[in-house]
Amino acid sequence: DLVLLGDEAVALGAIHAGLSGAYGYPGTPSSEILEYLIKTADKTKAFRASWCSNEKTAYENALGVSFAGRRAIVTMKHVGLNVAADPFMNSALLRINGGLVIVVADDPGMHSSQGEQDSRFFADFAKVPCFEPVNQQQAYEMTREAFDISEKYHVPVLIRMVTRLAHSRAVIRPWENIREQNEICKPEDTKGWRLLPALARKLWTELLETNKAFAAYSEDTGFNPLKLADTELGVITTGLGKNYYEENLGDLGSNPSHLHIGFYPVPKEKINKLAAHVKKLLIIEEGYPV
């Protein structure tokens with residue numbers, strides 16, 4: 001077992017997922033992800049990790065690794081995603097080859113930022129999956145899962161961290177099966193990496209169709225558990241909001257029905273099921289009202 005920051009848990013999850021390249025631009029609360037990866041890469045020489053001149057060039061470096069069939073991660077804070085928005089939005093239409101994971105650390109409460117924009121909206125805008133861990137163990141596990149989802153559906157996958165998770169420590173239990181890195185394998189058909197209008201229209205249609213699979217995954221995944229109990233009050237928590245809910249559950253004097261969401265797009269069927277079961281709904285989330 002290891003005691004790690006939430007950021008460090010993400011980094012270790014990426015390493016154990018077979019990471020080949022890591023790129024980013026420093027910005028609190030995301031910086032410790034790449035710091036951990038650079039330190040490990042310098043020590044082991046097992047993969048490449050480096051800071052870049054900005055978030056856009058970091059994203060493009062990661063795209064290059066993905067094009068070659070290897071797994072890459074790119075890290076930044078929420079306002080940094082604005083800088084990387086051009087390659088991020090376009091990459092959603094590419095037929096991603098090696099797994100590509102974007103870790104964005106949001107800062108609800110603006111502890112060290114000029115705004116508290118919610119990166120879940122960026123994921124929804126781009127029509128790509130988004131994971132939101134509730135603790136350090138999930139940060140580790142979701143990072144590994146995100147790479148698998150990326151390669152299965154050929155899309156970039158976003159992981160949304162927040163300050164209180166990124167900068168708090170907890171014990172995590174790593175998995176024993178550490179994945180080997182992918183062999184270099186460029187795509188045989190490169191049309192999925194060219195966004196000329198005639199090609200982009202087809203890729204956009206593919207992405208919309210693939211979103212049906214994301215919706216189905218959202219309903220089935222253990223990261224979105226639903227528990228039906230009390231018919232008076234239902235609670236929906238997202239990400240770190242589950243911790244706030246559990247800390248105060250003893251004061252309620254009841255056993256509310258509860259849906260937790262750790263993967264997006266949101267599980268609409270589970271939400272409807274919960275809403276039909278209770279008279280009142282309470283939503284707890286860090287950030288904008290998604």
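Predicted model: local features only at pLDDT ≥ 70, side-chain atom pairs only at ≥ 80, totals over all residues.
Reader: Why is α7 called largely enclosed?

Author: A residue is buried under 20% relative accessible area, exposed over 50% and partly exposed in between (1.4 Å probe, protein chains only). In α7, 14 of the 18 residues are buried, so the helix is largely enclosed by the rest of the structure.

Reader: What makes asparagine 135 a cap of α7?

Author: A side-chain oxygen of asparagine 135 lies 3.3 Å from the backbone nitrogen of glutamine 137, at the N-terminal end of α7. A polar contact is a pair of N or O atoms within 3.5 Å; within protein, one must be able to donate a hydrogen and the other to accept it, and residues adjacent in sequence count only if both atoms are side-chain atoms. At the start of α3, a side-chain oxygen of asparagine 54 comes to within 3.0 Å of the backbone nitrogen of lysine 56.

Reader: What puts the buried residues of α3 on the same side of the helix?

Author: The buried residues of α3 are Glu55, Ala58, Tyr59, Ala62, Leu63, Val65 and Ser66. They cover an arc of only 160 degrees around the axis, which places them on the same side of α3; the arc is that of the directions from the helix axis to the C-beta atoms. These buried residues pack against β2, β4, α4, α5 and β5, where contact means heavy atoms within 4.5 Å.

Reader: Why are β9 and β13 called edge strands?

Author: The open sheet of 4 strands has the order β9-β11-β10-β13, with mixed pairing. β9 (226-227) and β13 (280-284) each have a single partner strand, so one side of each is left without a neighbour in the sheet. Two strands pair if DSSP finds at least two bridges between them; β10 (230-238) and β11 (256-261) run parallel and are joined by 6 bridges.

Reader: Why is arginine 120 called buried?

Author: Its relative accessible area is 4%, and the limit for a buried residue is under 20%, so arginine 120 qualifies. Arginine 120 is in helix α6 (residues 120-126), and its side chain makes a polar contact of 2.7 Å with the side chain of aspartate 118. Beyond four places in sequence, arginine 120 touches residues including Arg160, Thr238 and Glu286.

Reader: What makes glutamate 286 count as buried?

Author: The relative accessibility of glutamate 286 is 9%, so this residue counts as buried. Glutamate 286 is in the segment after β13, and its side chain makes a polar contact with that of arginine 164 at 3.1 Å. Leaving aside neighbours within four places in sequence, glutamate 286 is in contact with residues including Asp118, Arg120 and Thr238.

Note on methods: Residues numbered from 1 in each chain as written. Heavy atoms only, no water. Helix = DSSP H or I, 4+ residues; strand = E, 2+ residues; numbered from the N terminus.
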